[in-house]
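Please open the model in your viewer and keep the sequence panel beside it.

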Amino acid sequence: EKKIGMTEAWLRKHRLLHTGATRHPFILSIRDGTVDIAAFKTWLAQDYLFVRAFVPFAASVLIKAYKESDDNTDMEVILGGVAALKDEISWFKNEANKWGISLSNVVPQKPNKNYCGLLDSLTRPEVEYSVAITAFWAIEAVYQESFAHCLGEGSQTPQELKETCERWGNEGFGRYCQSLQNIANLHLQKASDDELKNAEVALLSVLEHEVEFWNMSCASV
Ligand code: HMH
């Protein structure tokens, strides 16, 4: 029998917050087909800015993996994630075009600025690898779990939103998130009490900012 990892234990401990981030009314409205398209467009434009800010954070995690991990498959998993962000940015531009949104005029809203501020603080060299990889995994996993829910059994997701849901809800992205979680668990096993505290706080911050990000998208309509 396999002992559960630290990340699974934390998600159980903070179950309400985790559910709040992955089963938000915005996501539930996509899944049941009642989503307000204005909210979706706000989310799309704001998330484009978020993903741009996510790139330097991802790069900082890559640097930490290179320097601090004795297992070089860590770096390759993260490199795959970093490389995929180039395609993701192109996807956002193309999707915005389809919806008639001009990305050059988008102004980041407060919850987005706050979340990008968290990314920036986690980019600092003094942030331990175990803490950074925990946050990195959580950020990706919230989207994976949220959008996979929109594609699951009985979902009524509108056709024009299915591609968006597939982007994060597909099985390959699910396996990638699982790899990140395994890496995080391995490093948390070796972490000091202080690091563990910091990693748990980082996970909670990510979940809270994700809820605020969804709230922001809904509040725009
Ligand atoms: C707000 N969280 C937010 N945007 C994203 N694109 C992801 C997570 C996944 O990378």
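**The whole chain**

This is a predicted model, in which local features need pLDDT of at least 70 and side-chain atom pairs count only at pLDDT 80 or more, while totals for chains, interfaces and linings use all residues. Residues are numbered from 1 along each chain as its sequence is written.

Colour the protein by pLDDT, the predictor's confidence in each residue, from 0 to 100. The mean pLDDT of the protein is 96, and 99% of its residues reach 70 or more. For the complex, the predictor gives an ipTM of 0.98 and a pTM of 0.97.

Next, switch to a cartoon view. The protein has 10 helices and zero strands; helices (H or I, at least four residues) and strands (E, at least two) are DSSP runs, numbered from the N terminus. The radius of gyration of the protein is 17 Å, close to the 17 Å given by the globule rule for 221 residues, so the protein is as compact as a globular protein of that length. Here the radius is taken over C-alpha atoms, and the rule is 2.2 Å times the number of residues to the power 0.38. Along the principal axes, the C-alpha atoms fill a box of roughly 45 × 40 × 30 Å.

Contacts join residues whose C-beta atoms, placed from the backbone, lie within 7 Å. Among contacts in the protein with a separation of 6 or more, 84% are between residues 24 or more positions apart.

Of the 221 residues of the protein, 38% count as buried. A residue is buried if 20 or more other C-beta atoms lie within 10 Å of its own, exposed if 12 or fewer, and partly exposed in between, with C-beta atoms placed from the backbone.

Select Ile-133, Ala-135, Phe-136 and Ala-138, which touch the most other members of the largest nonpolar core, a set of 53 residues. Such a core consists of buried Ala, Val, Leu, Ile, Met, Phe, Trp, Tyr and Cys residues joined through C-beta atoms within 7 Å. Which helix gives the most to this core? Helix α7 does, with 13 residues. Other helices that each supply at least two residues include α1 (6-13), α6 (110-122) and α9 (171-189).

**Residues along α7**

Select Phe-136, which lies in helix α7. Phe-136 counts as buried because it has 28 C-beta neighbours inside 10 Å. Leaving out residues up to four places away in sequence, Phe-136 touches Ala-58, Val-61 and Leu-180.

Move to Trp-137, also placed in helix α7. Trp-137 is buried, with 25 other C-beta atoms within 10 Å. Beyond four places in sequence, its contacts are Thr-7, Cys-177, Leu-180, Gln-181 and Ala-184. A C-alpha distance drawn from Trp-137 to Gln-181 reads 5.9 Å, although the two are 44 residues apart along the chain.

Then select Ala-138: with neighbours within four places in sequence set aside, Ala-138 is in contact with Leu-203, Val-206 and Leu-207.

Is Glu-163 buried or exposed? Glu-163, in helix α8, counts as exposed, having 11 C-beta neighbours inside 10 Å.

Gly-33 sits in the loop between α3 and α4. Gly-33 is partly exposed, with 13 other C-beta atoms within 10 Å. Setting aside neighbours within four places in sequence, Gly-33 is in contact with Gln-156, Thr-157 and Pro-158.

**The ligand**

Finally, centre the view on the ligand. Around it are Asp-47, Phe-50, Val-51, Phe-54, Ile-139, Glu-140, Val-142, Tyr-143, Glu-210 and Phe-213. Helices α4 (37-68), α7 (129-149) and α10 (193-219) each supply at least two residues of this shell.

Colour the shell by residue class: seven of its residues are nonpolar, none are polar and three are charged. In this scheme Ala, Val, Leu, Ile, Met, Phe, Trp, Tyr, Cys and Pro count as nonpolar, Asp, Glu, Lys and Arg as charged, and the others, Gly among them, as polar.

Terms used. Near = placed C-beta within 6 Å. Contact = placed C-beta atoms within 7 Å.
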